[in-house]
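Grab a pencil and open the viewer.

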Amino acid sequence: MSPIALTPPVEENRTSDLTLSGIEHSLQKTAPSVLKSQSNSSTLSDTLTNGVTNGTKFSNGVATPLAELDASLLNVTLTTSPRPVPEIGSAEIASQKICTDHMIQAQWTVQQGWSAPSLQPYGPLSLMPTASCLHYATECFEGMKLYRGFDGKLRLFRPELNCNRMLVSTNRIALPGFPPQELLKLIVKLCATDGAKWLPKSRPGAFLYIRPTMIASDPALGVQRPKEALLFVILTCFPPMDGSPSGLRLLASKDDMVRAWPGGFGYAKVGANYGPSLVAQGEARAMGYDQILWLFGENCNVTEAGASNFFVVWRTREGALQLVTAPLSERIILDGITRRSVLELARTRLEMGWEELEKVEIVERKFSMMEIEEAVQEERLIEAFAAGTAFFIAPVGHIHFRGMDLAVPMKEGEGGAYTRVIKSWLKGIMWGNEEHEWGYVIDEDMFGREVAYELSWVSGFGCGVGIVILIYGKLFGQVSGSKAFGVGIWAWGLKNLFSFSGFASQLLINANFTELSSSFYESILPPIYLPFVCLLVNATLFGTAIEIDL
Ligand code: PLP
């Protein structure tokens, strides 16, 4: 089983909610299904990917089921006003304000648990000014991408890890738990609904940014654990983030500013990690740098680069070639999916050497700016890169640290050899050039098939009624055979046309003949043409318009 993005909390005899037992306690209340098979598996991490049972709440001492997040209860309401997809390279895409036609929402209350989730038109949220998240930063989120592959398929990259990490984050900020696989199903459904139109096959290599978010929505100012929460998932148009040809320019953080600290929440993707970092980021941008290189402690240990993990390739004084990144043990950096993937690929493909590349040791350890400085001065620094969903694998060309400008070697525009090979492997998996278990293919036809199936089932029922009438009429002479046959034909035609409209609309959208949403075809077209077809059938068969005389 592949590892999951969970930083196991340290126990150390503490009773805090942040220990493993604390997380279990919280899950017991809000998502016991993830603990169901705890007894059969050794770790909470293992159980996070397992089955579903009902939660429990106690009312007057009597246990009653508390609803868990359940994707199978999804209510679907499609938009009636689909919006145009912005052109690639347009100012609209650059603005990062454009979202797709739909979004997922699910409400949670401490009394009821999770309500049935909904897929609904994208639009504003309704929150009271007293909502907890607006005052106490009771908010967390995830960042993922939906990729349009060069093979025409839509893919996610290791999405189960994001869903697991979201659970770690919700727990850190006192938000309710949920079975991660249910969140994944909701994300997949949204991608399957909007992906074909907003990431058409004519745009291979493009992506949408996926933002699952949870906020505490309690309309009460008391400083307390949230009693109400809202989960939502949106898809946003994002510009490509290829970085500049000369590599990222990083400004090392000054000692008056820390991003995260032991005992804090750097390991969780909570909004409270990001807002306060924007002052430093704004200053860095104004000075011509791309990101802050976040340092921690008296030794100026290197932690993360902006919202990415940070890697260096250097040669030790003893002559060993190493790929080094900061460890997760202090829980001050995010357990990045890209970081994890870089490490896993490097361990399986680079540690023994790759083609003409020298073999490299993979090291997770604390390292300081002084070590980087020495490596630059002694010409032992080979390359450096940032790794994260947003910036992907971005070569670093320059680091400014306490008045010193450190040039990081890189081939113009491409980064060093290790950066390039790691980037190409990941790119291959994400955009489908390499078949790999990390690439999660979205079945785009799922939605059209479901709608067609539902409609054809309903009209199929009508067809059955027609046949019963026919048999009844024939047996008892109460209905003329020809008219009953007409009813059957009517219903049968309806069934086929519904199926056809669902199928045809998907064909049209997938082939990108139009950017109109599927809801248009499925809801508007059949009512327009069906009556004419049915009238035609009746008239042809019986020389008359609809005439059912029972
Ligand atoms: N570090 C921080 C602080 C981040 O916000 C991110 C992005 O989510 C990362 C690292 C990289 O994580 P991932 O590779 O999962 O995107």
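**Exercise 1. Sort the residues that line the second largest cavity by class, then work out where they come from.**

Step 1. Sorting the lining of the second largest cavity by class gives 5 nonpolar, 4 polar and 1 charged residues. Keep in mind that you're looking at a predicted model.

Step 2. Now put names to them: the lining consists of Gly-143, Met-144, Lys-145, Tyr-147, Phe-157, Asn-162, Ile-337, Thr-338, Thr-389 and Met-430.

Step 3. Next, look for elements that supply two or more residues to this lining, and you'll find β8 (144-148) and α8 (337-350). The top contributor is β8, with 3 residues.

Step 4. Finish with size: this cavity has a volume of about 90 Å³, and the structure holds 5 cavities of 30 Å³ or more.

**Exercise 2. Find out how the protein surrounds the ligand.**

Step 1. List the neighbours. There are 15 residues around the ligand, and Lys-269, Tyr-274, Glu-304, Thr-338 and Thr-389 come nearest.

Step 2. Check the polar atoms, one side chain at a time. Lys-269 has a polar side-chain atom 2.5 Å from a ligand oxygen. For Glu-304, a polar side-chain atom lies 2.3 Å from a ligand nitrogen. The side chain of Thr-338 has an N or O atom 2.5 Å from an oxygen of the ligand.

Step 3. How much of the ligand does the protein bury? Taken alone, the ligand exposes 380 Å², and the protein buries 97% of that.

Step 4. Trace the shell back to its elements: β15 (308-315), α8 (337-350) and β18 (381-388) each give two or more residues. By class, this shell has 5 nonpolar, 6 polar and 4 charged residues.

Step 5. Link back to Exercise 1. Thr-338 and Thr-389 are among the residues nearest the ligand, and both also line the second largest cavity.

**Exercise 3. Now try the second largest pocket.**

Step 1. This pocket holds about 280 Å³ of space. Of its 19 lining residues, Phe-207, Asp-242, Phe-392, Lys-427 and Trp-431 are closest to its centre.

Step 2. Name the elements that give two or more residues to the lining: β8, β19 (392-401) and α10 (417-430).

Methods:
Residues are numbered from 1 along each chain as its sequence is written. This is a predicted model: local features need pLDDT of at least 70, side-chain atom pairs count only at pLDDT 80 or more; totals for chains, interfaces and linings use all residues. Side-chain values use heavy atoms; hydrogens and water are left out. A residue is near a molecule or strand if one of its heavy atoms lies within 4 Å of it. A polar contact is a pair of N or O atoms within 3.5 Å; within protein, one must be able to donate a hydrogen and the other to accept it, and residues adjacent in sequence count only if both atoms are side-chain atoms. Accessible areas come from the Shrake-Rupley method with a 1.4 Å probe; for residues, only the protein chains shown count as cover. Helices (H or I, at least four residues) and strands (E, at least two) are DSSP runs, numbered from the N terminus. Ala, Val, Leu, Ile, Met, Phe, Trp, Tyr, Cys and Pro count as nonpolar, Asp, Glu, Lys and Arg as charged, and the others, Gly among them, as polar. On a 1 Å grid over the protein atoms alone, a cavity is a set of points where a 1.4 Å probe fits but cannot get out, and a pocket is an open set with protein on both sides within 12 Å along at least five of seven lines; lining residues have an atom within 4 Å of a point. Grid points are joined across faces, edges and corners, and a volume is the space filled by probe spheres set on the points.
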